[in-house]
Structures are given as structure tokens and as C-alpha cells.
Amino acid sequence: MKHLHLLCTLLFGVAVLLFFGLAYPHHLHYQEEYQLFLFDSTYVWEIVRLPGGVADLLGRFCTQFFLFAWVGALIIALLLSAVQLLTLRLASSWTSQTAEPSGEWFYGLSFVPSFLLWLFLLDENALLGGVWGVLLTQFAIWGCLQIPKGWKRYIAIFFAIVILYWMALGGSHYYRIPTTFPTMLYAAWLSAVIIPLLMLLVMRSKKRENAQQKHYSLTSHLIPLTSYILMSLIMGSLVWKNANFKAEKVMQYDFMACHQQWNRILETVNAEKPNNQIGVTVQNLALAMHGMLADHLFDYNQNGIAGLLPDVKEDATSPMPTAEAFYQLGMVYVAQRTVFEAQEAILDFQKSGRCYKRLAQTNLINGNYEVARKYLMALQKTLFYRDWANKTLTLLGNEEAIAKHPEYGRLRKSVYDNNFFFSDHVTPEMLEDLFFSNTDNRLAFEYLKAYYMLTGDREGYAKLLLHTSNKQ
Amino acid sequence: MKKTLSFLLLSLLLLSSACTETVSDAKQETVQPRIYPDYVGVTIPVNIAPLCFGMADETAQLVDAVITDCHGHNLHSQGEESVDFDLEDWHTLLGQNRGDSLSVTVSAKYDDGWHTYSPFSIYVSPDSIDYGICYRLIAPGYEVWSKMGIYERDLSSFDERALIENTQFEGCVNCHSFNRGNPADMSLHIRGPHGATLLRQNDSPLIAYDTKTDQTLGLCVYPYWHPTGRYIAYSTNTTRQLFHSADRNRIEVFDEASDLQVYDVEKNELLLSPLVKQDSIYETFPVFSADGCSIYFCAARALPEGNHDLDSIRYNLCRIDFDPATGNFGDCIETIIDAEAQHKSVSFPRPSYDGRFLCYTLSDYGQFSIWHHEADLYLLDLATGESRPMTGANSDDTESFHNWSTSSHWLVFSSRRDDGLFTRPYFCHVDGKGVVSKAFMLPQRNPRRFYRDRFLSFNVPEFIIRPTRFNGQKASRIINDEYRKNMGVRLNTSEGDFGSSQ
């Protein structure tokens, strides 16, 4: 029987791993991009001093590993499996009869909290701290149950409630939108406590019935297995139905743009033409990076000029691909502003490793070395951006090294020479100024030509062609 | 018991002394040390928090400082990143040396051993500073804001406390203002879906106002209390932002229209005058004179509609009479500083409370000098009309918003000199003759770590004479409540000409 349980838990864990690793990896990247875990005492203290801080901190700590989607998937699989095992364990502890509840129809119920947490994690605003909150609660209950009945247990329960309030229960940072109540999380939390109780009640009544006719047979394996399969089918289909694969696709485009995977972007758009704003923006950027934008513009889905450099909105995610295009074009100030604003718009006020990195780069290119240093020194306190930060710090103030750098050197040559004022909306004049002040800026040429083509500006188009033919 | 306690204390003492390394075989340097923050030769108030510092170059493994006075007292501290003087000992030493100088000998340990630098002085002014400052902490951004709030800091210690943060409601907070540093009279703006102006008069409960009326441009902005506490001068501005494509200054905040108005707290009326409500003029940053009988403000000729030659907008410093008894404005406007003629622009006028000086910011153009790297502080002698740069306070980078202490001898101002982006509060002493001392940065226990880790600007630093006793929970309930008190309007019909001079 014990092996069967382990096998069921293992199967569940593998399903979670495969789901997040194969079907939902960019949701994990998204989570990692919108937080910045620092190995810094002040940072840690600012989190743990608040109610629910320990769960929050553990969640943030684990989320930094989401940079590698399979590691993230494994972490989630382990956490959700642990929740299931503890649910079962709690029921056993309450009945004081090890593994007894597992031989019943309601064995499948022990997977409910984990499935509910899985459903919770489908939402891009769900934070892993919530899962830790549930797990810590279960640990605390289990710990109390290990103490023999009597006054010692009551004292332990009292202290456990107080400590648990500080560690998990009092927390509010389990969902990125502070004003939204994460119903699914609290349903999982409640079920993690209620289901073992329910199992206990059913067990007690069963125990009386079966007192005289206790026997073990093949059905003692079949019944829990069937309940597990039933539960998996019901909850699994709910997970699949509620998964936001559209958002996953958008996040994939954003991820590819962030990591400058221009070839992969083209492979992806060639396989399936994007039909969302971010997808089209990223597609056009990848085409431009390959020098194919103007010539192949209409071979791909377009969204008018909004597909080139869309107006930046006041949210944390949609501006990022546009900011990447600004950056690659050499509109470094605009990129800097866009990234800064995007980071400020993160709903739970966290900072972003991705944004810090880009802000360090734009400040370095603009020669604001002290500001760049500030961002880089923060990144030095991270696990996965540290090496990059150390390397980049050596560039600060080193004009020669920056000029020779393949990216920063190119962008320094591409930035605006003339100062002018602009608002939130990118105008053709901005692209014209960018290109005509440095006609080697091939990307600006591609975007400008595409701009004329999309707006039907024949005069501008002819002027641009004349200029390039004169140059040749 | 006594013996045990003595033993424990002795052990603790020995342990703490064991952590301190003796400065030995030090190489004597003939130059003064380069420390961060730069406290070399500064003048400080007798009640300021310890000036902890580290070496500027960051490669030092240990920094050691000994402060001595002419009476033979001394204070010692040693640390890896920063020295950290004992708070009580520091205040005792400063109290013993009011009006005198302290000598600071700094040693730093590098790979090649200890180096001892030529001592520098810190002058302890007999003029004490107010209890604390109040400021907004906000990321130096553009249009979107993350977590931010209004905070107060005790200047004689390192204690900082949040008055209110935007986690308590949806929106942002700005323009906190007190009557000569007295938080009994307080004004605070809330922007966003729960927008309001919170007013507290004589420590009475907060009231949330809707300051927009159908006879004024918009909401009340930039408050300044009348010395009697009866009036608050505001501007009302239609503000926009544009961005630079390739300039050291990144952003330009400008008005498309702006007027002045005075709120009569007793009568719940906004007092208007056509003289300070002209369509062809942008009027902003009103402040009452020390005697409360006039209003200083900035005024510029308005740009024609659709014209965005922002670098041609230049504000002069102007003045209009104000009668506190009746709430009437005077009938003519004086131009006190014709900055336009110098191709410069005045912002943030702040008269000292003793009526001797007026401090203002001078930049190349516009009114939002906080984003102008060339912006510097200037001091106008109100007795002679002479104006000059506050060299001791200024740096190569932005010096902008500022406020006087109630004694009129200390000035707090925001400066971007640290890294060019994040504003930090600095203080300087101004004596009766207008001599300005070298500015010093707001002390922190470990200043390098503190300022490096804080990705926020100190915005609108204001002195406070005591803790604000502001109940953030109660305030957030008022903000989240729908009730807003409306303001009445009274138009002063006197007329006159803009631009007439003394």
C-alpha cells in the first residue's frame, strides 16, 4: 500500500513537472523577471519582519530559480507533492493509525489541496509564497500532533499559532494585486486543514462499522487507486481548462525578445503567425535585427504602426518588448524611461532583475556611471546576475572598452545627436532623426521604411530611397 | 550578584575592545582624508545625529576616527565600512563644544597597512536645528509610481517613521506642508482615484477637501502656510511632461496654465485675484513673506497655445501685497528678480522666517528645476536686494527644493550631487550676514550602504519642530472614504499691471 501511495505522489509530481516544464515554462520566467531576490540582510529583514514574511521570503527565494524553467517546475512539483503527502500524513496523525485513511475511497481527496494550489499557480499574479504558507501551516499542525495529548500540546498549539501567524498566516503578499483576494489559494489552504479532518471523521465511522469484519483484499488497493485516478481526471481537466495558454504564448515572445533570441522568434512566427500586440512587436524586431523587416513586412501579420513601436501603456509587462525595440534602435533614453516606468508599475512594488540589468546598461551607454554602478551593485547581491554585474562593473568609465563592446559600442553610435522634446507617442520624425543622424543605423532604416509602408507615406518613402541610392 | 554583573560588563567591554584593531605603524599622510559623505570642514548643529562616514575609495579594510576637542575630550570609533559613533557620547561631545571646533583624525587600513591622514575640523554651531525633517520617498521616475510615502526623520538620531504610504490606499501622496515647521498645521495632497487635500489645523482632526472649483483651473498645488495659520497660499497648475531625446536633463515638467489662489481656512474660501490669475502669465510657487503681508511667487510669460519652446519659458521672482486682516490682494505686482533678463529662471522661492533672506533656485529655464542638472541655490538679501549664489551649498549637479529651519539659520535642500539621479537631503548653515557654510549630507549609521541600497529620492524636505503625530491608519480611512469638503470662492476684483517693478 505504501508503495502505491508513493507511486501516486510520484506520478502527480511528474505531471506537475511536465506541465510547468513543457506547457507553462514562460509563466515561470515571467515570475522570475518581476522580482529581485537579494542576498542582503536588509532585504531579508524587510520581508521577514512582516506577518507572513517567512512564507513570502521562501517563495521569493525559490522564484529566483525560475530563470531556468525546468528547475522552477521541479520546485513546484516538489512543493505540491509535499502538500499532498502532508495532507495524508495529517489525516493519519489525527487518527493515530498510520496509513489507515489511505486505504479508502477518499484517498484521492488528499490531492485536492495540491490541485487547488496548481490551479492557483496558473494565474501569473499568483506568488509562490502562498504555497509555502500552506506548507508551513501543515508542518505546524503536524508538529503539534507529534506532541502527546495534554497540556503540553495545548501550549505548543498556542505558540504554533503565534509563530505561524508571523511566518505564514498573517501574510498578504501571496498575490501580486494587493486588492484582489486569491480565492483559490485560500480554498487550498482551507482544504489542506479540512480534508484531513474530513478523512478523520469518515475513518472513525468506518472504524466502528468495520470493527468486526476487518479484512484486506485486492479492493484495498483498487479503491484508493480508483479514487486517485478519478481525482486526477477531474482536477487535471480543470487545470488544463484553466491554463492560460494565450498568455503563455505572449510571455514566450517577451522572453525571446528579452534574451535576444532573434532566430528562435522567426522560427516561432513562421510556425504560427502571432495575433497579439506583443507577438507582432517582437516579430518585427526580430525581422529588423535580421535586416528583413522592410522587405518581408507584409509576409507577416501586421497591426499598423502599433505593431512597430506601440504606445507605451502604464503596466509592467506590455512595454517591455517595445522597450527592447527602443534599445536596439538606439533610442536609449526612451528605452530607459520605458523600462523604469514598467518596473515602477509592478503591482506588488517588487523590483525586477531584468529591469535593473537594462537600467544599468542604458545608464552605462548614456555615461551615467554612478547610476549604473548603483544598479550593478544591487545585482551583485543576486545569485544569477552577479557574474554579469561583476563583468559590467569593469566597463564603467572605461570609454575605450565601451566603444569596443559589440552592443554598447554600437548603441553609443546610434543614439540621438540632436536634442528635441517628445511625448509618449513615437513619431516618424523621431525615427527620421535617428536614421539621418547616423545612416549606418540599419535598424533605424528598417523601422523607418516599414513605418512609411504601413502609413502609406509615399513621399517619405521616396525620400528615404533617394537618400540610400545617393549614398550608394 | 553585583560581582556577576561586573564580570559580565567587563567581559563585554573586553570583547568589544577586542573587536577594535589598534592603529599601528601608520604611514602619515599630509593630505586630509577623502571620506563619504564629505564631512570635511562642515558646520553642524549642536543637536545633529552622529556624522558616521567611511573612506570614499571603498578599498579600505578598516576606517578609524578619533574626534578630539580643545578640552581634552575624545570620541573614538572604528568599523569596516563606516565609523559609527555612540549616540549619547556624540551628543555629549557636541554639547561640550557648542560654538567650537572638533578635530577629526582619520586612519584607514589598506593592503599595505594603516594610513593616518591630516586631521580636519568640524565646526559645532551654537544654532541648534529643528527636531526633524519630513520628506517624501519616491523613485525618481516619470509618470508611474511604485511604493512611496511621506516619512519623518529625527535629526538627532537615525529614526525614520512613515506617516503614510500608498500601500494604504490607491494613489500617491505629495506636497506635505507645515506652518513654519509646526505639524499642528499641516497640508497633504493625495492624487489618484481617492484624490483629496488633507488639512489639519491646530492639531484638529484631518479633513479631506476637494480643492477643485468651477472658477479655478484645477486642484490646489504647492501649499505654503501663512504665519498666522489662517491662510494657505496655493498655485493651481495644468501640468504636462515632455522628454528630452539627447540631453543631460531627461525630462521637462511644465505648465500650460497656472494661477495663484489663497485658501482662507476659517471661512473655507479660496481667495482669487485677477492679478495672479492672468491667462498670459504662468504664476506658481506662492509663499508668504515672513510678516505675512505679501506673497512672493514665480511668474513667466505664457507660451502661445501649441508652442513647445520650453527652453524659452523663464520665471521671474515677483511679489504682491496681501492683507491678512481682509484676505485682499494688493493692486500691483513687483518684479523682485528679473531672471528672464539674465536668460535664467527662478523656482521655489523660500523667505527665511526672520525676514532677512529669500532662498531660491536658479536654472536655465522652466520651473521644474529638480530635473535640471545646472540648477543652483541663490540667496537674496531682502534688505539690500542683492542676490548671490550659495557657493558653499551648491555643487556641479542639481540643487533644488529647499526649506528654512525655524531659527532661519539652517537650510535643508535636495541635491543630486551623489550620483546625478537620486536626490539626497543636505544641510547648510546661513549666518546673519548671509555667509553660507559647506553643506553636509543627512547623517546615516552606515551612509554608503544606506544610500546605495535606497533606490528612492528624498523629495520636498521640510523641517518639523516636533514629531508630526500623524495617524496614517486614520488618514487612510479618510482618504478611502468618499466624503470631500468643497471650497467656496471669493474673487478679489482689484486690478493692476503685471511686470511693474519697484
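## A walk through chains A and B

Start by selecting B:Y151, whose bridge partner in β12(B) is B:A162. The strand names follow DSSP runs numbered from the N terminus, with helices being H or I of at least four residues and strands E of at least two.

A word on what you have open: this is a predicted model, where local features need pLDDT of at least 70, side-chain atom pairs count only at pLDDT 80 or more, and totals for chains, interfaces and linings use all residues. Residues are numbered from 1 along each chain as its sequence is written, while chains are lettered from A and ligands numbered from 1 in the order in which they are written.

Now widen the selection to β11 (149-154) of chain B, which pairs with β12(B) in the antiparallel sense over 5 bridges; two strands count as paired if DSSP finds at least two bridges between them.

Where they touch, domain 1 of chain B gives 22 residues and domain 2 of chain B gives 17, a contact being two residues whose C-beta atoms, placed from the backbone, lie within 7 Å. On the domain 1 side, pick out β3 (43-45) and α2 (87-96) of chain B, each supplying at least two residues. The largest share, 3 residues, comes from β3(B).

**Over to chain A.** Which residue stands opposite B:H244 in β18(B)? Select A:F421 and you have it. Here strand β1 (residues 421-422) of chain A runs antiparallel to β18(B), joined by 2 bridges. The whole contact takes 23 residues from chain B and 24 residues from chain A. β18(B) gives the most to chain B's side, with 3 residues.

**Last stop: confidence.** Colour by pLDDT, the predictor's confidence in each residue from 0 to 100. Chain B has a mean of 92, and 94% of its residues reach 70 or more. Residues 495-502 of chain B fall below 50, yet this stretch has 19 contacts in the model beyond near neighbours in sequence. For the complex, the predictor gives an ipTM of 0.91 and a pTM of 0.92.
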